[in-house]
Amino acid sequence: MAKQISEAALDAKSKIQMTTGDKVLKGIFYAFIALFAVICLVPFILVVSASFTQEQALTTYGYALWPREFSLDAYRLVVAGSDIPQAYLITIFTTVFGTFLSMLVTCMVAYALSLQSFRSRSALALFIYFTMLFNGGLVASYLLITKTLHLENSIWVLILPSICNAWNIILMRNFFNGIPASLSESAKLDGANDIVILFQIILPISLPGIATVGLFYALSYWNEWYRCLLYIDSSHSNLYTLQYLIQRILRQVNYAASQPLDQAGLAGTLPTYAYRMATIVVSTGPIVLLYPFLQKYFVQGLTVGAVKG
């Protein structure tokens, strides 16, 4: 009997072995993916290289994969402003705390929408979907935030208006719908309520969806600048986000560089192009470094094998 099983296993193994054509096709696919990755990586390398290049060399020779004349002038200009560290702290706080609150609200609402026993889920889903099609406009939201909620010139104006996104709620609801209902049913038979089911059963096996939607929220908070422009005035500059402060500094540098030398002193030597590249590196670097830690959750199927029998 054991001999028959081993022979069957060897026969099955021989059947799944790749042919020469399969190996060639697989190699072509790998080569194409590697080429595509290089094409995507080269522009970022050019940006990093330009940020470490002296302005005169950059305007003379153009962009290169390696700095022709190494210089840190652009980064010195970035960190010269004393507001940069404070802006970094504000952006990190709003990104971390805002993403946490957004995911908490999004997961709770999405879980309610995924429950068949929730009677008003169709009406709530229609209300959420309606906000994707129509909104009150800038004037209505500005009056609500400033006159009713009084959030202007506070850090909460950078978090609360973005705490919930209709598309992300629908995305998480669809993800929760793909989780076997038998998990929740068995937990209810053991006496668990919906809060226990959500936080101890549903969320632990929903890491791919949480990582995906959480990255969407994190990118939104990290790139926030528009609400600083609308709701935070210059007397509260300590609440400026990194993106908005960099935009202000960049406008000042571009203005100074556009002036004649007799009016702007050394304006002609300001690293305007290198500064632009340095701001890109400073503002996108943390997100680029964060993505590899979340990438594995995009491809893991954590619900596989959660239900047995």
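Cys228 is buried, at 0% relative accessibility, where buried means under 20% relative accessible area, exposed means over 50%, and partly exposed lies in between, using a 1.4 Å probe and protein chains only. Cys40, on the other hand, is partly exposed, with a relative accessible area of 46%.

A quick word on what you are looking at. This is a predicted model, so local features need pLDDT of at least 70 and side-chain atom pairs count only at pLDDT 80 or more, while totals for chains, interfaces and linings use all residues. Residues are numbered from 1 along each chain as its sequence is written, and side-chain values use heavy atoms, with hydrogens and water left out.

Now the overall picture. The protein has 15 helices and zero strands; both are DSSP runs numbered from the N terminus, helices being H or I with at least four residues and strands E with at least two. Of its 309 residues, 31% are buried. The accessible surface is about 19200 Å², and carbon and sulfur atoms hold 66% of that, by the Shrake-Rupley method with a 1.4 Å probe, where for residues only the protein chains shown count as cover. Take the contacts, meaning heavy atoms within 4.5 Å, between residues at least 6 apart in sequence: 70% of them join residues at least 24 apart.

Let's go inside. A nonpolar core is a set of buried Ala, Val, Leu, Ile, Met, Phe, Trp, Tyr and Cys residues joined through side-chain atoms within 4.5 Å. The largest one here has 32 residues, and the members touching the most others are Val157, Leu158, Ile232, Leu242 and Leu245. Which helices each supply at least two residues to this core? They are α2 (20-51), α4 (73-80), α5 (83-114), α12 (226-231), α13 (242-258) and α15 (272-299). The largest share, seven residues, comes from α15. If you click on Leu245 and skip residues up to four places away in sequence, you will find that Leu245 touches Asp83, Ile84, Ala87 and Tyr240. Apart from this core lies another, of 20 residues, including Cys107, Ile179, Leu183 and Ile197.

Leu183 takes us to helix α9, residues 181-189, whose buried residues are Leu183, Ser184 and Ala187. Seen down the helix axis, these buried residues fall within an arc of 90°, so they line one face of α9; the arc is that of the directions from the helix axis to the C-beta atoms. Part of what covers them is α10. After α9 comes Gly191, with a positive phi near 95°.

Where does Ser206 sit? Ser206 is in the loop between α10 (194-202) and α11 (207-222). Ser206 is buried, with a relative accessible area of 0%. Leaving aside neighbours within four places in sequence, Ser206 is in contact with Phe175, Phe176 and Ile179.

Last stop, the charged pairs. A salt bridge is a side-chain nitrogen of Lys or Arg within 4 Å of a carboxyl oxygen of Asp or Glu, and the whole structure has two. One pairs Lys188 with Asp194, at 3.9 Å from N to O. Lys188 is partly exposed at 39%, and Asp194 is partly exposed at 33%. Glu224 forms a salt bridge with Arg227, the closest N and O atoms being 3.1 Å apart. Is Glu224 buried or exposed? At 10% relative accessibility, Glu224 counts as buried.
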